[in-house]
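Hi everyone, thanks for coming.

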Amino acid sequence: MSRPRALLAGLNRRPRLVVASLLAPGTLWLVVFFFVPIAVVLAYSFMPRGVYGGVTGGTTLEHYRRFMDPLYLTVLRRTVVLAVACTGLCLLAGYPVAYVIARAGRWKNLLLFLIVMPLWTSFLVRTYAMIFLLRDTGFVNTVLLALGLVREPLTLLYTPGAVLAGLVYGYLPLMVLPIYVSLEKLDPTLLEAAEVLGARPAARFWRITVPLSMPGIVAGAMLVFIPALGAFLTPDLLGGAKQMMVGTLVQNQFGAARDWPFGSAASFVLMAVVLVAVLAYLRLRDRGSVEALA
Amino acid sequence: MTDSGPQSTETVVQLSRVTKRFGAVTAVDAVTLGIRRGEFFSLLGPSGCGKTTTLRLLAGLEEPDEGDVRLLGAVVNRRRPYERPVAMVFQNYALFPHLDVRRNVAFGLEQRRVPSAEIATRVRRALELVRLDPDVYARRMPSQLSGGQRQRVALARALVIEPAILLLDEPLGAIDLKLRKEMQLELKALNRQLGITFVYVTHDQEEALTMSDRIAVMDRARIAQVGTPAQVYEDPRTAFVADFIGECNFFAGTVTARENGLATVEAPGGATFRIPAADGLGPGRAVRIAVRPEWHDVWRPAEVPAAENALPGAVRDVVYLGETVHVIVRLADGADVRVALRNEGQLIKPVPWHPGDAVAVGWLPEDCQVLEEE
């Protein structure tokens, strides 16, 4: 007994330095390139706008007040609705895919490879490809016209639907992968046990499979919802000016409009929405109703 | 055939020439088997012999390729597990990790749409039956339980639905020896008390002998022998059964003569021994016999009683095992024979044999089992 204990005690002291030196680069990186900029943005959002685009001294709530304008609230509402819809559609489309891959035996790796492959191409290029598919003379309309299903091209591009399609397309792999991981870990004996105890296929799915893959569902939903909420490229390219999302707004304020304090305030409103969503989830989980929801 | 248990003669499980293949491998090969109501029936065999597949065929987790599976008289070949009158206890317990003990046990009742007030009382009763205090354990998660406690929950979860047949797949495999012995007796008591038919899969021959009313010994996808523990131990039909259940010494040779109800067998090395002369054991017939270590005795070569068979050899080793002392004798032909002598106290009356002693291994002609060809 004494030998292993002595060994462990030695291990405890020495690696403290090792652990610290291993953690240092990452910590430093986060502090310099994440916490500092966030602090700067937070500070900017409370400072009056300077004449040439910067900020001047003093504090003001003017930018947050300005965001409460119905014009911007519409943008915020659209952003939340699109992000929620995108997360829901990714879940609906992604869960069956993850389920099939988790049970695909030797095809597993190939299928996972196919899921990840789109991520090899630039997101910008893939979004442009969506334009070619959806525009009036694009692939979708060409096929519909050729089949005689429509007489004149449908307006697909620059609609909320186009933005949603682009978001779902872009973030679907981020939903599939974590759900796949949790389904892969699921012990098939549990489903057999449920079946012998009288559970039909639907009961097995809702009572065993879904609750046990909940960690994957939550991780996937977070991975999709958060970037979808902050998306600026997709609404900009596929939605145009009429389908502006908060992300596009922020981009405009920091870019063309040179109104950094207002852009900062808009960023923080977005972060607040994410925070509220996460807190709501934690509340649900602590009350144990996540499983009940399933 | 005599039965040791109080079970009726009604057959509740009937397999008729059931075959199950996985690709090129035949896991269960034309197995025919009947299990009676209330019986504690064990499927015993080494890993890969097909015992677990046989159990899964009863559960409905596998479908037979050929033959019929009947439960309570009805053919159930294609019926799903939830349409069968069975419950099952799995080797790794298979408790639902996201549900507490109470909800694990309630699962089967909820599936059967039992009213929730009745569920509560039946869950309590089931936990008490397996000796888990509901007030202490009902709210615990499976991860907060020891292996033995998980086993009890798994058992309660299966028993609570009051199945006609309870299937158990090596349920005590992962439990330490002392607790395992205790659980063996408890399972046996539950079988008697509840009148449920138990079908028990194990590779542990001692476990099977302890608990079973009858045992089916399986070997390479087939049933080698079915019988009471005494029958499979004392009257093994094949070398496999003799060897798998308990220890055994084997002797082979050719019948050279028969007289006075005994047949004389000549072993390849020239030594001879006598066996009971059953029908068909005429001169020229090749035979193989099994002798249990405790049926043997060790003699000084000159002192062997005339009535006993004796094969000369030398003591190779003496092994102290507590209840018994094993003397391992190497015969002239190089084979080792294990002889179990009852330990009458090594400190006061030690076994008089030492490595190197020239001895004869003896046994009475009737104390042997003539084996069938496999």
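**Two chains, one walk-through**

Okay, chain A to start: buried residues make up 30% of its 294 residues. Buried here means that 20 or more other C-beta atoms, placed from the backbone, lie within 10 Å of the residue's own.

Quick housekeeping: this is a predicted model, where local features need pLDDT of at least 70, side-chain atom pairs count only at pLDDT 80 or more, and totals for chains, interfaces and linings use all residues. Residues are numbered from 1 along each chain as its sequence is written, while chains are lettered from A and ligands numbered from 1 in the order in which they are written.

So what is chain A made of, helices or strands? It has 14 helices and zero strands; both are DSSP runs, numbered from the N terminus, with at least four residues (H or I) for a helix and at least two (E) for a strand. The C-alpha trace of chain A spans about 75 × 65 × 35 Å along its principal axes.

Now hop over to chain B and find strand β9, residues 214-219. Five of its six residues are buried, so β9(B) is largely enclosed by the rest of the structure. Which strands does it pair with? Strand β3 of chain B (residues 40-44) pairs with β9(B) in the parallel sense over four bridges, and two strands count as paired if DSSP finds at least two bridges between them. There, B:L43 stands opposite B:A216. Strand β10 of chain B (residues 222-227) runs antiparallel to β9(B), joined by five bridges, and B:I215 has B:G227 as its bridge partner. Two residues sit between the strands of that hairpin, and B:R220 takes a positive phi near 45°.

Next, where do the chains meet? 19 residues of chain B are in contact with 16 residues of chain A, contact meaning C-beta atoms, placed from the backbone, within 7 Å. On the chain B side, β6 (86-89) and α2 (101-111) are the elements that give two or more residues.

Last stop, the cores. A nonpolar core is a set of buried Ala, Val, Leu, Ile, Met, Phe, Trp, Tyr and Cys residues joined through C-beta atoms within 7 Å. The largest has 110 residues, and B:A156, B:L167, B:V199 and B:V217 touch the most other members. Helix α5 of chain B (residues 147-159) gives the largest share, six residues. A second, separate core of 49 residues includes A:A83 and A:Y171.

Terms used
A residue is buried if 20 or more other C-beta atoms lie within 10 Å of its own, exposed if 12 or fewer, and partly exposed in between; C-beta atoms are placed from the backbone. Two residues are in contact if their C-beta atoms, placed from the backbone, lie within 7 Å.
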